[in-house]
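Please report on the model shown here, taking metal sites, sheet and helices in turn.

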Amino acid sequence: MGQAFACCKGLDFSHMQHHFAKGARQSFVLAAAAQQPSWVVDDMQDSCYGCAAEFNYRNRKHHCRRCHNIYCDACTAYREKLLLFGFTQAVRLCQMCLTAAREENSFLDDHLPLLQEGSTFLRHHGYGRKVPIFVKLSPDTASLVCMEPGRGAAGSSLVFLAEVRSVSMEHASTLVLQLQASSTTLKFDACSTNECRAWLEALQAACAWSQRPALKQAVEEARAARWEQLQYAQYSKAAAENRKQRQAAREQMAAKYNISSFSSSYAHRRAVSNGYAVS
Ligand SMILES: [Zn+2]
Ligand SMILES: [Zn+2]
């Protein structure tokens with residue numbers, strides 16, 4: 001299992017709890033907020049990040065409050081709380097962020113309080129031996145902190161959620177954590193079936209949470225790719241416009257010199273541009 005809790009070396013169980021004060025969720029939200037995607041400044045986009053419609057005095061720019069990209073009003077018509085960044089009231093979101101925000105809110109509202117409050121289980125130690133252990137989620141949500149009451153640092157360990165392969169339940173009230181790297185299986189008896197179920201769901205959500213890609217990086221990578229796409233679309237549009245103008249000029253020329261059948265072959269165009277009528 002993970003390493004001991006170094007900063008609490010030699011101190012007792014009650015002292016260790018100061019690391020997980022009630023403001024844990026708040027500090028977590030602040031830490032996540034520091035990882036927000038960069039804010040796209042207004043001058044950087046003249047068309048909607050979603051539908052590519054051009055902005056003008058009627059089609060105004062709006063920022064999605066989660067990905068911080070610039071959209072038209074229709075593409076940011078969604079409103080939802082954004083607990084990840086500390087918004088407890090509904091804010092303007094794009095469609096992609098609406099789905100993501102709902103998932104995040106569900107974890108932060110429904111599961112995080114239980115995990116951060118922690119609970120006491122009986123941990124299986126082999127040969128039928130079971131030891132009481134206090135388990136709670138670390139403030140950065142990356143690991144489970146397991147503390148054996150009265151044993152200080154020696155009785156503390158971390159289980160990194162990124163290393164958990166699966167969480168399941170057996171015998172009505174036993175949580176089973178299967179770890180990735182080793183073939184280690186951790187078993188914890190909860191005090192009731194209901195408590196076990198609640199922890200099962202919460203731990204599964206926490207594992208998915210800890211293994212999701214970093215928001216800032218994911219948004220900024222997608223943004224770079226999308227901008228390339230938008231630039232290419234703009235370039236293609238300009239090229240098509242150019243072709244149309246050249247075609248119109250040729251037709252004008254053909255009409256002027258009374259050319260009935262106008263071929264686009266090089267020789268014909270050359271002849272026309274040199275001022276010869278070609279039939
Ligand atoms: Zn749009
Ligand atoms: Zn968004």
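## Zinc ion (ligand 2)

The zinc ion (ligand 2) is held by Cys-64 (SG), Cys-67 (SG), Cys-94 (SG) and Cys-97 (SG), at 2.3 Å. Donors here are N, O and S atoms within 2.8 Å of the metal (3.2 Å for Na, K and Ca); water is not among the atoms, so sites may look incomplete. The four donor atoms subtend angles of 100 to 119°, so the arrangement is tetrahedral. For four donors, that label requires all angles to lie between 85 and 135 degrees.

Along the sequence, the donor residues follow the spacing C-x2-C-x26-C-x2-C. Distant parts of the chain are linked by Cys-64, in the loop between strand E1 (62–63) and strand E2 (70–71), and Cys-97, in helix H3, 33 residues apart. Helices (H or I, at least four residues) and strands (E, at least two) are DSSP runs, numbered from the N terminus. Cys-64 counts as buried because its relative accessibility is 0%. Cys-97 is buried too, at 0% relative accessibility. Buried means under 20% relative accessible area, exposed over 50%, partly exposed in between (1.4 Å probe, protein chains only).

## Basis of the model

This is a predicted model: local features need pLDDT of at least 70, side-chain atom pairs count only at pLDDT 80 or more, and totals for chains, interfaces and linings use all residues. Residues are numbered from 1 along each chain as its sequence is written, chains are lettered from A and ligands numbered from 1 in the order in which they are written, and side-chain values use heavy atoms, with hydrogens and water left out.

Cys-48 sits in the loop between helix H2 (24–33) and E1, and Cys-72 in the loop between E2 and strand E3 (78–82), so the pair ties together parts 24 residues apart in sequence. Both Cys-48 and Cys-72 are buried.

## The sheet

Seven strands form an open sheet in the order E8-E7-E6-E5-E11-E10-E9, with antiparallel pairing. Strand E8 (156–160) and strand E9 (164–170) are the edges, each pairing on one side only. The twist averages 30° from one strand to the next. Two strands pair if DSSP finds at least two bridges between them.

Strand E5 (residues 119–124) and strand E6 (residues 130–137) pair over six bridges, in the antiparallel sense. His-124 has Lys-130 in E6 as its bridge partner.

## Helices H3 and H4

Helix H3 (residues 95–117) lies across E5 and E6, at about 130° to E6. Helix H4 (residues 193–210) packs on the sheet, touching E5, E6, strand E7 (143–147), E9 and strand E10 (174–179); its direction makes about 165° with that of E9. Axes are lines fitted to C-alpha atoms, for helices over the stretch in contact, and angles run from 0 to 180 degrees between N-to-C directions.

Asn-105 belongs to helix H3. Asn-105 counts as buried, at 6% relative accessibility. A polar atom of the Asn-105 side chain lies 2.9 Å from the backbone oxygen of Lys-81. Cys-196 is in helix H4. Cys-196 is buried, with a relative accessible area of 0%.

Methods:
Contact = heavy atoms within 4.5 Å. Tetrahedral: all angles 85-135°; square planar, octahedral: opposite > 155°, others 65-115°. Polar contact = N/O pair within 3.5 Å; in protein donor to acceptor, adjacent residues only side chain to side chain.
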